Amino acid sequence: MNEINHKTVFVLDHTPYFGISCESPIDCDFIKSKVPVPPISKSLWTCAVEASVEYCRIAYDLFPVGKLIRFVVSDTAAHIVNTWNTNTQSLTHILNAMSMVGVPPRQTQASDYSVIHGLRAAIEALAEPTEFQKEQLLAHPKSDSFKLVNRGRVICITSARDDASMKSLEDIFRTVLVQQNSISVGHKEYINIDQCHLVIINLYPANMESMVSNRALIEISPILMSEIHSNKANKISNKLTHLILPHFDLASTTVTGIPMKEEQNASSSANYDVEIFHGRTAHSVFLGTELVLPHSLKEGSDYETVTLKWCTPRSCGSSEMQPCLAQCRVTPVDVTSRPSSCLINFLLSGRSVLLEMPKKSGGKITSHLLSAHGGEIFIHSLNTARSCLEDPPSISEGGGGRVTDYRIKDFGVLMQQHRLVPLKPLPERQPDENLTKMRSKLARNSRYWPLTLGRTVLYNVRHFVEPLLLLTQKPELSEDEKMLCLKSIYNLSQLEERQEVLALPNMGHRLKGNKKEEQYRLLWSELETIVNCNGASPAHKAIVSCIRECRRMYPNADGSDPYEKSADGGVSDAHRASVIRATTDSPMSPPHSIGGSGSSATGGSASGGAASTSTAVGATTDAAVTSTGAPAVVLGASGVLGARTATMGSGSGKKSYGSGGRSLLDVLASTERAISQKRIDFSGRLCTPSGQVAKLYSHVGAKDADGVQGRPADVK
């Protein structure tokens, strides 16, 4: 009860200026009257009262106790509408008092009309203890350890000429606040104000322009925060509806697709939408990564709402009860609309409605339940994960649950990497410095961490990218470590070029038929995600760029490029080629045609680019064979990557599939196949100098001569 929204005071300006029209005409039609009725317009006072009472209604509906709101009307003096007593905390009492106050007079000779009288009364009201605060003071009469924290909010609806007038109003409010605290020290009926939030709303007619600027929340003094909003009179209701969300930590949900019968034709029905307010806990309680709250900006407003789809309603019996994570009271935003009234009456009749929301992996899931209990309507956040009422799964044996493929060893490694030991406090060491560092490290390394092997592709083939997974967890990488990570990426790219199938467990609905294309698409996507989450150093960015470059080798499931090359946001082809050459080329590799400004890959025709590509591939392969004497797997792959980059520089930036021409992989494969199928030349030709005729079977005569000389004489 010590929150800042425990006490709220509305100060309504009742000066003659608020008696003028808001200049927003409302057309009226009378069915039985043929005489046209001229449009009517509300006054600034009526707009202010309606919006503040609606603010009060939402707070009373969602918080029956604990949230108190007072009203102060200011003209020549301050008029107190209600007190902190719960008997006066009702809409009936407030509306009756406002009807007695009435619209301010249009013309008057008095000059002492001011909103400052109301601001002074509002500060005195915050200094008065509520019933709950009185109970706390009585429970701890002379306790030194207990300190009552008194905080509150003042919402002032007035009209000012310019920003200087608003600044003067804030200065007066701050001065009176300090004076009130000094008075409260020696006064038994007042308590000190520890914090005050001042919200000033400048109101003006719809056909005028205001000289008052909007200003976000700032701290004026240690005990005073202030913000300014300038609004047209016909839009003040939307502004207060927006402000009540952060004031009371609320959230908006729009129930869409509600079938209702038409009022004109009972045989037909149409779908309607109803917006409701409730506690933010109903949305924030979901911690799973599979749920996506469909946020959207409400039309005509400045706040977001979550759209949930209506499901088939059912009775709220004991057999339909489901475990929930949180429950919050709800109230409709537009309480007078027919769809809101129908929904409220439907729920109060004893029916419950399930609400659906989309999942990241596709499909929908039942996430919320609307139901009434004791005449009040609640929204329940359902448990979308494993129910806490079920038996927990056994990690070792699998009994009691269906989940048996937890990453137990990886979780143990994660615990060891983030283990803390107590340190002796030192004066030069900041308190909790290492704890803050460890929290940031743990948040970075666990931002993407699949719980089971069935939900990941990358960790099932981690033997291919083990150095990358371990090294990218560091905040900074050396040049050697970066090169090692890039080498792992190119080795993985080589597997994809050879179209090798990855040995994966059953992936559920994530893989459709365990196709190779789907496997590699998810693998590249997961690899990019984990490197992005681990760090943002230049080395991490270079690794991500390399992953994106290799990921272009296979498009998305719809055939599109995973990364469209933009005019100003894409990485240059020369830069990509330099990264590939620096990490994969042999010292014996010929110079690439990409690097030069006048090369055929970048400036020539398509045929010239293809010719230079074939030369680079052949040269790289020959260099690898002559230097090692074995087929060059890694260097051959680098030649493919280098040639593919050159093709991207001369073409459109995408790899063509099914275009009818031979790809670079086909060129390299056919070249290596031709070399491997050649018969080894006979030694006579290899040993004979050029220009002379090779002698066949030259070693045969030499062996016969050696045999004659070394044979013993015949015995007669």
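**Reading a fold, one feature at a time**

Guide: Let's start with C485: its relative accessibility is 0%, so C485 counts as buried. Buried means under 20% relative accessible area, exposed means over 50%, and partly exposed is in between (1.4 Å probe, protein chains only). By the way, this is a predicted model, where local features need pLDDT of at least 70, side-chain atom pairs count only at pLDDT 80 or more, and totals for chains, interfaces and linings use all residues. Residues are numbered from 1 along each chain as its sequence is written, and side-chain values use heavy atoms, with hydrogens and water left out.

Visitor: What percentage of the protein chain's residues is buried?

Guide: Of the 716 residues in the chain, 39% are buried.

Visitor: How many helices and strands are there in the protein chain?

Guide: Both are DSSP runs, numbered from the N terminus: helices are H or I with at least four residues, strands are E with at least two. Here you'll find 21 helices and 16 strands.

Visitor: Which strands pair with β7?

Guide: Two strands pair if DSSP finds at least two bridges between them. Strand β5 (residues 195-204) runs parallel to β7, with nine bridges joining them. There, I200 has I228 of β7 as its bridge partner. Strand β6 (residues 215-221) is antiparallel to β7, over four bridges; one of its residues, I218, partners S226. A hairpin of two residues leads from β6 into β7.

Visitor: Is β7 mostly covered or uncovered?

Guide: Mostly covered: β7 spans residues 224-232, and eight of its nine residues are buried.

Visitor: Which residues of α10 are buried?

Guide: M438, R444 and N445 are. Down the helix axis, the buried residues of α10 fall within an arc of 125°, so they line one face; the arc is taken from the directions from the axis to the C-beta atoms. That buried set packs against α13 (516-534), in contact terms (heavy atoms within 4.5 Å). On the other side of α10, T436 and R439 are exposed.

Visitor: How many disulfides does a search of the whole structure find?

Guide: A disulfide is a pair of cysteine sulfur atoms within 2.5 Å, and the search finds zero. C47 is in none: its nearest cysteine sulfur, from C22, is 4.0 Å away. For C485, the nearest is that of C546, 10.0 Å away, and C485 is in no disulfide either.
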